[in-house]
Amino acid sequence: MTTPEIRVQGLHKSFGDNHVLRGIDLEIAQGEVVCVIGPSGSGKSTLLRCVNLLEEPTEGQVFVGGTEVTDPDVDIDAVRRRIGMVFQQFNLFPHLSVTENLTLPQRRVLRRDKAAAERVAAENLARVGLAEKAGAYPSALSGGQQQRVAIARALAMGPEVMLFDEPTSALDPELVGDVLAVMRSLAREGMTMMVVTHEMSFAREVADRVVFMDGGVIVEQGRPEQVIGAPRHERTRHFLSRILDPAMAEVEEGVADQGGTG
Ligand SMILES: Nc1ncnc2c1ncn2[C@@H]1O[C@H](COP(=O)(O)OP(=O)(O)OP(=O)(O)O)[C@@H](O)[C@H]1O
Ligand SMILES: [Mg+2]
């Protein structure tokens, strides 16, 4: 078997006495798209942040492309260059144009000259369908366009792996589709992707595998049609019923609220 692009082994993470990740083992193959789902607070973001060392694991190992990134002697900057990350908040520089937002990290981190960085910026803006916004400022763009710029900025660094943490959850519903379309095309190009998302239809369509987390562990994982369509665990069923039918969740909460008085 070829080396997995991402390998997480026996990963634990605590914040003080809050034991958030409680032994995560996960391998992601080259070109694989893995969607991570689970309730708020289950540790999804913490897991992603441990993969690119935005958080330091308390215990366990993480490998990216065969390099142990949790090795204390590793060149963290070199590792991060191989991993693109896209957050719920786009974090674009408001005082820089779209092109400048894309060229700045290339020039600072990769030491590309201006012309080369601008060429790569233009290629990647085209890739996310925003070639015509090269000279615009972030404030002139919709949230969905800003998020596509953030994706292009990550892609311009030439990552081997892309991590997405709820990339569409800050967007108005009508803007979600364009961002998901960009992610779908990246998946088709063979990018290795780890995506925390509540977009179940995206997960069903694009993911090779869905991982359901709860309480800092992976409760179940498998093909999307299995995990989403026919979950094996009660916790997964409960989570999905709330995600797929929010009205039902409100009714449940109402029942729970009245639980003490009845
Ligand atoms: N930097 C931090 N310092 C202290 N506690 C943290 C930190 N980051 C996360 N936590 C705690 O870790 C737990 C898991 O948080 P995490 O953000 O990973 O959950 P999540 O599954 O991504 O939730 P959500 O769906 O709401 O984004 C929470 O209890 C949170 O308060
Ligand atoms: Mg999160």
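Contact here means heavy atoms within 4.5 Å. The model is predicted: local features need pLDDT of at least 70 and side-chain atom pairs pLDDT 80 or more, while totals for chains, interfaces and linings use all residues. Residues are numbered from 1 along each chain as its sequence is written, and side-chain values use heavy atoms, without hydrogens and water.

View 1. Helices (H or I, at least four residues) and strands (E, at least two) are DSSP runs numbered from the N terminus. Beyond its neighbours within four places in sequence, threonine 236 contacts Phe212, Val219, Glu220, Val227 and Pro231. Its relative accessible area is 0%, so threonine 236 is buried (under 20%; exposed is over 50%, partly exposed in between; 1.4 Å probe, protein chains only).

**View 2. Salt bridge between arginine 148 and aspartate 178.** The N to O distance is 3.7 Å; a salt bridge requires a side-chain nitrogen of Lys or Arg within 4 Å of a carboxyl oxygen of Asp or Glu. Because arginine 148 lies in helix 5 and aspartate 178 in helix 6 (residues 173-188), the pair ties together parts 30 residues apart in sequence. Arginine 148 is buried at 10% relative accessibility, whereas aspartate 178 is partly exposed at 42%.

**View 3. Salt bridge between arginine 235 and aspartate 214.** The closest N and O atoms are 3.5 Å apart. This pair links helix 9, which holds arginine 235, with strand 9 (residues 209-214), which holds aspartate 214. Arginine 235 is partly exposed at 42% relative accessibility, and aspartate 214 is buried at 18%.

How values were computed. Chains lettered and ligands numbered in written order.
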